[in-house]
Amino acid sequence: MFVLSGNTVLHMVVVAAQLGMYGYALRHPRKNANPYIKNNRGLTCLTLSCELGRDIIFKEMLAANPDQLAMLKQNNPRLAEAYASGSLEEFSKVLKEQQKKRAEQEALRIRMMNADPFDLEAQALIQTEIE
């Protein structure tokens, strides 16, 4: 089931912070929920939990889905190591650092898109981004 935002039931589990429903939806007796479906913003339920800072849900979702954990190990070894440490504090710290860095990169990208193309500083930022 989709709503206007393209969120599936798993996305809504994350939004409502109802972790107990995640496993149930994955193993629903009639139709298993698909954790790889992206909403209109291009976020899976796992990436949405990361964006919303739902550290505990994110960690439990990885534990419930070995395929996503394998993908995390391949795509983000640092966060996977923090997960493997078993420390929610370390995991949350690494996750928040990465979220902050992504937000800064996005702010810089937006700044470059809105910058005067004849501004030397903007040209230097664009050149750095290209390299």
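Is Arg41 buried or exposed? Arg41 is exposed, with a relative accessible area of 57%. Bear in mind that this is a predicted model.

Arg41 also has a charged partner: its side chain meets that of Glu51 in a salt bridge, 2.7 Å from N to O. The two sit 10 residues apart, with Glu51 in helix α3 and Arg41 in the loop between α2 and α3, and the pair links distant parts of the chain. Glu51 is partly exposed at 40%.

The structure holds four salt bridges, and here are some of them:

| Pair | N to O distance |
|---|---|
| Glu51 and Arg41 | 2.7 Å |
| Lys96 and Asp55 | 2.8 Å |
| Arg109 and Glu106 | 2.7 Å |

Lys96 in helix α7 and Asp55 in helix α4 are 41 residues apart. Asp55 counts as buried at 9% relative accessibility, while Lys96 is partly exposed at 42%. Arg109 and Glu106 are about one helical turn apart, because they lie three residues apart in helix α7.

Now for the inside. The largest nonpolar core has 25 residues, and those touching the most other members are Leu10, Tyr22, Phe58, Met61, Leu62, Leu79 and Phe91. Elements giving two or more residues to this core include α1, α4 and α7. Beyond its neighbours within four places in sequence, Phe58 is in contact with Leu46, Ser49, Cys50, Leu79 and Phe91.

As for helix packing, the axes of α5 and α6 come within 6 Å and cross at roughly 125°, so α5 is oblique to α6. Residues making the contact include Leu69 and Leu72 of α5 and Leu79 and Tyr83 of α6. By type, the contact has six nonpolar residues, two polar and one charged.

Note on methods: Residues are numbered from 1 along each chain as its sequence is written. This is a predicted model: local features need pLDDT of at least 70, side-chain atom pairs count only at pLDDT 80 or more; totals for chains, interfaces and linings use all residues. Side-chain values use heavy atoms; hydrogens and water are left out. A nonpolar core is a set of buried Ala, Val, Leu, Ile, Met, Phe, Trp, Tyr and Cys residues joined through side-chain atoms within 4.5 Å. Buried means under 20% relative accessible area, exposed over 50%, partly exposed in between (1.4 Å probe, protein chains only). Helices (H or I, at least four residues) and strands (E, at least two) are DSSP runs, numbered from the N terminus. Contact means heavy atoms within 4.5 Å. Axes are lines fitted to C-alpha atoms, for helices over the stretch in contact, and angles run from 0 to 180 degrees between N-to-C directions. Angles under 35 degrees count as roughly parallel, over 145 as roughly antiparallel, 65 to 115 as roughly perpendicular and the rest as oblique. Ala, Val, Leu, Ile, Met, Phe, Trp, Tyr, Cys and Pro count as nonpolar, Asp, Glu, Lys and Arg as charged, and the others, Gly among them, as polar.
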